Amino acid sequence: MFQTFADSASPAQGPPRLKALRKAMAAVNVDGFLVPRADAHQGEYVAPSDARLEWLTGFTGSAGFACVLSDIASVFIDGRYRVQVRDQVADVFTPVHSPEVQLADWLGERLTTGAKVGFDPWLHTAKEIDGLRKDLAPKGIQIVATANLVDDIWDDRPAPPMAAFTAYPDDLAGKSHADKRAGIATELTKAGVASAVLTLPDSIAWLLNIRGTDVERNPVPQAFAVIHASGQVELFARKGKADGIALHLGADVTIHDESTFLGALATLKGPVQIDPKSAPQIVADTLEQAGIKVAQGDDPCLLPKAIKTDAEIAGARAAHLRDGAAMVNFLAWLDCEAPKGRLTEIDVVTALEGFRRATNALLDISFETISGAGEHGAVVHYRVTESTNRPVREGELLLVDSGGQYIDGTTDITRTLAIGAPTHEQRACFTRVLQGMIAISRARFPVGVTGAHLDSLARYPLWLAGMDYDHGTGHGVGAYLSVHEGPQGISRRAAPIPLERGMILSNEPGYYREGAFGIRIENLITVVDAPALKGADDRAMLAFDTLTHVPIDRQLIDAQLLTADERAWLNDYHAATLALIGPRVDGDALAWLDKACAPL
């Protein structure tokens with residue numbers, strides 16, 4: 001649970017694997033090769049067989065890519081991973097900060113006219129490759145499709161996942177797959193397209209009410225699909241994986257072997273819609289070479305998947321109450337055990353998963369638990385391993401970001417905890433983060449507002465002190481699906497998607513002091529109709545309702561920094577937490593909860 005794939009590159013392994021890749025590059029006459037984190041489905045998490053970036057470089061982050069040239073190899077990462085990448089990759093790989101440094105500019109400075117950079121057309125989106133080609137054409141550099149050169153040198157590459165798909169109950173989904181298919185078909189007809197190609201596993205899972213175990217922590221099926229304007233669907237999966245759901249799918253969903261996918265695309269009648277942001281380049285190439293008219297558009301499942309049904313919202317509330325009780329049992333245990341000075345980061349992870357499993361409802365954790373003590377808390381997506389494991393010490397902050405996958409919902413929660421008495425600086429920083437979280441929680445906004453419009457609310461208290469954080473404030477969350485789900489988000493770089501009733505998002509501002517501590521407070525929230533206000537305009541307004549109910553560490557709150565409204569919100573939140581979670585715990589945990597929820 002704590003280790004990543006066993007054959008990921010260690011610093012000692014990096015150079016020979018890099019040497020082998022460069023030899024493979026020379027054999028196909030390319031001057032560079034791109035190695036992405038992504039698989040053919042562009043998922044944030046990948047199966048061991050698709051962990052090429054980790055195998056080559058040792059980097060385990062959920063986003064990034066490597067670019068290997070004959071004389072330099074770099075790993076491009078965003079702000080979340082700048083500390084982590086330095087700790088994980090060998091010296092032969094140079095970290096590059098993205099998006100500040102763009103790949104095309106980086107290549108243009110290092111390659112000359114006539115150079116060729118290879119890529120696997122299954123692993124890069126049509127939008128990405130189109131953009132690279134346009135940016136590199138003036139420099140005389142070509143981007144050329146090749147076989148996957150990492151696969152060619154990865155002798156012990158694991159086999160792809162072969163577990164069977166399962167049906168997801170209609171009563172939890174809130175809508176049958178026949179109704180979903182009909183709704184998408186109507187939209188395709190309105191758009192004037194004959195069919196749409198689906199390559200995202202969570203879109204296919206949502207559309208067909210199915211789930212899978214192909215990717216760790218995310219209950220999604222690795223598959224491709226084509227939905228026609230008639231509402232009929234062709235599903236392409238590895239042989240045998242979908243046999244057990246044939247009755248559930250019915251006559252209007254045809255199951256094919258995955259190996260026939262490209263051949264089937266070449267026989268479609270146009271126009272065929274693809275999402276260039278997620279469809280592999282090979283999909284666009286196959287359609288173009290077959291002379292089929294392509295219509296570019298968003299994956300038609302993204303928005304309806306994001307807008308949860310009443311049944312999905314009810315499931316999310318039930319899952320969060322269950323998970324909240326597990327969290328309270330854990331926090332009460334931690335409050336008792338941490339002062340003894342014997343806990344390590346791994347002990348914390350093990351205990352928390354144990355409390356979740358004690359619910360007898362946990363199907364999986366929703367991502368690898370982040371348990372960062374002291375300076376490790378400043379690594380935004382820190383993953384403890386046996387080699388990085390450290391004690392949880394008195395006087396430090398402990399950041400714990402975790403979640404569960406339950407049949408009725410997906411949870412994601414972060415709490416930052418003081419081990420012993422916190423410093424004035426720790427309390428001040430924590431309180432500013434808390435103020436940002438409260439600001440999002442209390443937000444009222446007109447219909448049509450996007451997450452990008454709201455992001456600054458969470459940052460403003462930090463900005464006043466000259467502080468900020470290098471990640472988004474919130475991401476979408478699935479319904480027993482991916483813990484990170486689009487298209488909605490709360491971020492300066494969020495897609496221009498208006499927030500709508502029924503969407504679930506995270507609310508997680510933070511602050512990170514490299515080498516010292518990290519702070520993040522995270523609840524999940526859902527978009528609801530805003531309560532009426534006396535004297536307000538006749539204007540449709542939305543608001544957020546908080547799904548997560550777990551106490552926030554009172555030791556870390558400087559109450560003098562809070563406004564009266566912020567203090568009232570926090571007291572109301574804790575009162576609701578006690579009322580909702582109290583009946584679900586007992587003994588020492590209940591006594592701890594009662595104390596933790598006392599008003600400021």
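**From the nonpolar cores to the loops**

Valine 527 touches Phe445, Leu499, Glu500, Arg501, Gly502, Met503, Leu505, Leu542, Ala543 and Phe544, with residues up to four places away in sequence left out of the count; contact means heavy atoms within 4.5 Å. The model is a predicted one, in which local features need pLDDT of at least 70 and side-chain atom pairs count only at pLDDT 80 or more, while totals for chains, interfaces and linings use all residues. Residues are numbered from 1 along each chain as its sequence is written, and side-chain values use heavy atoms, with hydrogens and water left out.

Val527 belongs to the largest nonpolar core, which has 48 residues. A nonpolar core is a set of buried Ala, Val, Leu, Ile, Met, Phe, Trp, Tyr and Cys residues joined through side-chain atoms within 4.5 Å. Here buried means under 20% relative accessible area, exposed means over 50%, and partly exposed lies in between, with a 1.4 Å probe and protein chains only. Leu434, Phe445, Leu499, Leu505, Val527, Phe544 and Ile552 have the most contacts inside this core. Helix H16 (residues 424–442) supplies the largest share of the core, 7 residues; helices (H or I, at least four residues) and strands (E, at least two) are DSSP runs, numbered from the N terminus. Another core lies apart from the largest one and has 29 residues, among them Tyr45, Val220, Ile227 and Leu249.

Leucine 462 lies in helix H17 (residues 451–463) and counts as buried because its relative accessibility is 0%. Leaving aside neighbours within four places in sequence, leucine 462 is in contact with Arg432, Val433, Met467, Asp468, Tyr469, Gly510 and Tyr511. Histidine 574, in helix H18 (residues 564–581), is buried as well, with a relative accessible area of 1%. Beyond four places in sequence, histidine 574 touches Pro551, Ile552, Arg554, Ala596 and Cys597. Histidine 574 and proline 599 are 25 residues apart in sequence, and their C-alpha atoms are 7.4 Å apart in space.

Helix H12 (residues 281–289) is largely enclosed by the rest of the structure, because 7 of its 9 residues are buried. The buried residues of H12 are Gln281, Ile282, Val283, Ala284, Asp285, Thr286 and Leu287. Their cover includes strand S5 (116–119), helix H5 (126–136), strand S8 (195–198), helix H11 (261–265), strand S13 (272–274) and strand S14 (294–296). Just after H12, glycine 291 takes a positive phi of about 75°.

Helix H8 (residues 177–191) and helix H9 (residues 201–208) pack at an angle of about 115°, and their axes are 7 Å apart. The axes are lines fitted to C-alpha atoms, for helices over the stretch in contact, and angles run from 0 to 180 degrees between N-to-C directions. His177, Lys180, Arg181 and Ile184 in H8 meet Trp206, Leu207 and Leu208 in H9.

On a 1 Å grid over the protein atoms alone, a cavity is a set of points where a 1.4 Å probe fits but cannot get out, and lining residues have an atom within 4 Å of a point. About 40 Å³ of space lies in the largest cavity, a volume being the space filled by probe spheres set on the points, which are joined across faces, edges and corners. The lining consists of Glu312, Ala316, His320, Asp408, Gly409, Thr410, Val477, Gly478, Ala479, Ile504 and Leu524. Helix H14 (310–337) and strand S19 (409–410) are the elements that give two or more residues to this lining, and H14 gives the most, with 3 residues.

Most residues other than glycine have a negative phi, and most peptide bonds are trans. A cis peptide bond, with omega of about 10°, joins serine 98 and proline 99; proline 99 is in the loop between strand S4 (93–97) and helix H4 (103–110). Glycine 270 and proline 271 are also joined by a cis peptide bond, with omega of about -5°, and proline 271 is in the loop between H11 and S13. Asparagine 29 has a positive phi of about 60° although it is not a glycine, and counts as exposed at 53% relative accessibility.

Notes. 1 Å grid on protein atoms, 1.4 Å probe; cavity = no way out; pocket = protein on both sides within 12 Å on 5 of 7 lines; lining within 4 Å.
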